[in-house]
Amino acid sequence: MNEAIELHRAALELRPSGHPDRYSSHNLLAFLLVDRYDRFGVVADLDEAIILGRAALELCPPGHSDHSTHLHNLGCYLEERFQKLTQMHDLDEAIELHRAALELHPPGHPHRLSSLFWLGLCFSNKYDHQGAIAELDETIMLSRASLELRPPGSHDRGVSLHSLAGYLQERFQKLATICDLEEAIELHRAALELHPPGHPHHSSSLHSLALCLSDRYDHQGAVADLDEAIIGRAALELRPAGHSCRLLSLQLLARCFSNKYDHRGSVADLDEAIMLGHAELELCPPEHPSRDISLYNLGRRVWKRFQKLAAVCDLEEAIKWHRAALEIRPLGHPHRLSSLQSLACCFSFKYDDQGAVADLDEAITLGRAALELCPPGHPDHGIQLHNLGCYLQERFQKLAAMHYLDEAIELHRAALKLHSHGHPHRSSSLHSLSLCLSDRYDHQGAVADLDEAIVLSRAALELRPPGHPNRGISLYNLGRRLWKRFRKLAAMRDLEEAIGLHRTALELHPPGHPNRSSSLHSLSLCLSDKYDHQGVVAHLEEAIILRRAELELCPEGHPNRDISLHNLGRCIWQRLQKLATMCDLEEAIDLHRAALELRPLGNPHRLSSLCPLALCFSKKYDCKGMVADLDEAITFSRAALKLCPLGHPKRDLSLSNLTCNLWTRYQ
């Protein structure tokens, strides 16, 4: 090739200006230089080819039989240099040259198809770099014209079908016009028929059709599209290790299996997506432009598996991948926000799972960084306010430092202002703000906070009508806050409403539901309070039934079993006080003993088991007169007093109970 170039240089020197074949030498030498550039990538060859192409064009002015050919050639050289150097003036000039060539290639001209193709390619490149939809529209118009020149039976009809479909899919991704995607799918189907197994373009047609079907699933949610998109597996099989397009197939197939898991919940699909994600990451070594996306997607899919199976190793792995993605998404990177948000979420869940405050601190730090990237006016400002507010509320619940809760309230108020009526996140903002205000009431006792929490909870419930997946939790929360206000103000209407809400919530939390135990607990608490105020035994009987059901959901080894035993024991004691049935006394003792065994020295609830046991044995002595029961009551009273040092709020009660029991034994 080098020798051929030198020979053509020499020939050109022998063909000075005015020589009839000079433009031919320009043309041939330019062609060889472009060929060498294509092989070795030396831009100087391409630059020289462009100079020669311009000289050839000057020698073939308008009217010359080869004018259009040299317009076309120079346009191609400039487009190629644009691909290398991305200088827009090269592309703009290439477009003008190809336009001029096309005008000289009217319908019926043998070179019209080539001009349509190259002009379409230039407009496509311009769209890719500038994003102006007019350029994409022009590309599509030119591609349609190219396809018309390749009727059924034409050798390259499949290529034209494939190209036009690709441009229509791009326009769909820009404008979300479903008719573009529908047409792209039909064109890709037609191209696939022309590219059967064994055809060199078979894998490209399979992949492109699968990509369009996956996009249509994302847009319309038809699972049939998702199932058909798995044909991408066939494309992957045709792209073995080392194939230049293998990464694209792995990315698409992983996306399809991840979506399939989201739709059907089969862990096998998620496992497949994760396996493909690992293979995808192997093809994206450090410095690869898609490495951050592969790390992020793999982190998201492993995170989904953690949410499904609660395997801590998955959570740790998700954190690893999200950390790695964040490291290569520095300030200014368009996807940094996604990494901050996902990593913060992982650390928040890790805190929920393991209780290490350092993880919660990490979530807060990341949440603050995410909020900084979403200043007022940013479309995600509201969601970042909400997320950070939730993390701060969790830290308050752990450390009871009011400044965390106050900041969380301010953040949730700001988020709520941005989530006005009709906003999809309004119910979440109402819920979270009401939760924070309820917590502040618990710590400071200001009824105004509780009243506002109730107003917000009602508003959240209105946005969660029957059938809404979060209606049960809204019913439960409003019921809890009304019950708290009843405890404060003793307004029976609050208690009655709370009972009605908890009954409805319980219906939405059938056996097997994770929130059933909470609903049983809260409804029984309300009914027990109603008994205390009205003395109707039926309310207490129902509370006991509910407490028994709650205890069944807390078998041996359950972290809340001691609380359920205690609560049932308390209700049985209340019935004993009313009906004086000895079997109730024996059951209350058994329940409180069982709770005490689960509350060893150091347990914060041990005192609340010792005091009821002392009362029960004192009552048993009163009923049967057995000194052993009185001794038992004294033993429990002494143990209770040891847990009530000077300054303890229950020390006076413990002293009084022990004194009474000792006096009784003395007598």
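Hi everyone, let's start with a cysteine: the sulfur of Cys 76 is 7.6 Å from the closest cysteine sulfur, that of Cys 122, which is too far for a bond. Cys 611 is in no disulfide either, as its nearest cysteine sulfur, in Cys 644, is 6.1 Å away. A disulfide here is a pair of cysteine sulfur atoms within 2.5 Å, and a search of the whole structure finds 0 of them.

A word on the source. This is a predicted model, where local features need pLDDT of at least 70 and side-chain atom pairs count only at pLDDT 80 or more, while totals for chains, interfaces and linings use all residues. Residues are numbered from 1 along each chain as its sequence is written, and side-chain values use heavy atoms, with hydrogens and water left out.

Are those two cysteines buried or exposed? Cys 76 is buried, at 11% relative accessibility, and Cys 611 is buried too, at 19%. Buried means under 20% relative accessible area, exposed means over 50%, and partly exposed is in between, using a 1.4 Å probe and protein chains only.

Now for charges. Side chains of opposite charge can pair when their charged atoms come close. We call it a salt bridge when a side-chain nitrogen of Lys or Arg is within 4 Å of a carboxyl oxygen of Asp or Glu, and by this rule the count comes to 50.

One of them joins Asp 180 and Arg 171, with the closest N and O atoms 2.9 Å apart. Both of these residues are buried.

Another salt bridge pairs Lys 484 with Asp 442, again with the closest N and O atoms 2.9 Å apart. Lys 484 lies in helix H23 (residues 471-489) and Asp 442 in helix H21 (residues 426-444), so this pair ties together parts that are 42 residues apart in sequence. Helices are DSSP runs (H or I, at least four residues), numbered from the N terminus. Lys 484 is buried at 13% relative accessibility, whereas Asp 442 is partly exposed at 44%.

What about Arg 665 and Asp 631? Their side chains meet in a salt bridge at 2.8 Å, N to O. Arg 665 sits in helix H31 (residues 651-666) and Asp 631 in helix H30 (residues 627-642), so the pair ties together parts 34 residues apart in sequence. Arg 665 is partly exposed at 38%, and so is Asp 631, at 30%.

Finally, salt bridges that share partners join Glu 6, Arg 9 and Glu 48 into one network.

How values were computed:
Helix = DSSP H or I, 4+ residues; strand = E, 2+ residues; numbered from the N terminus.
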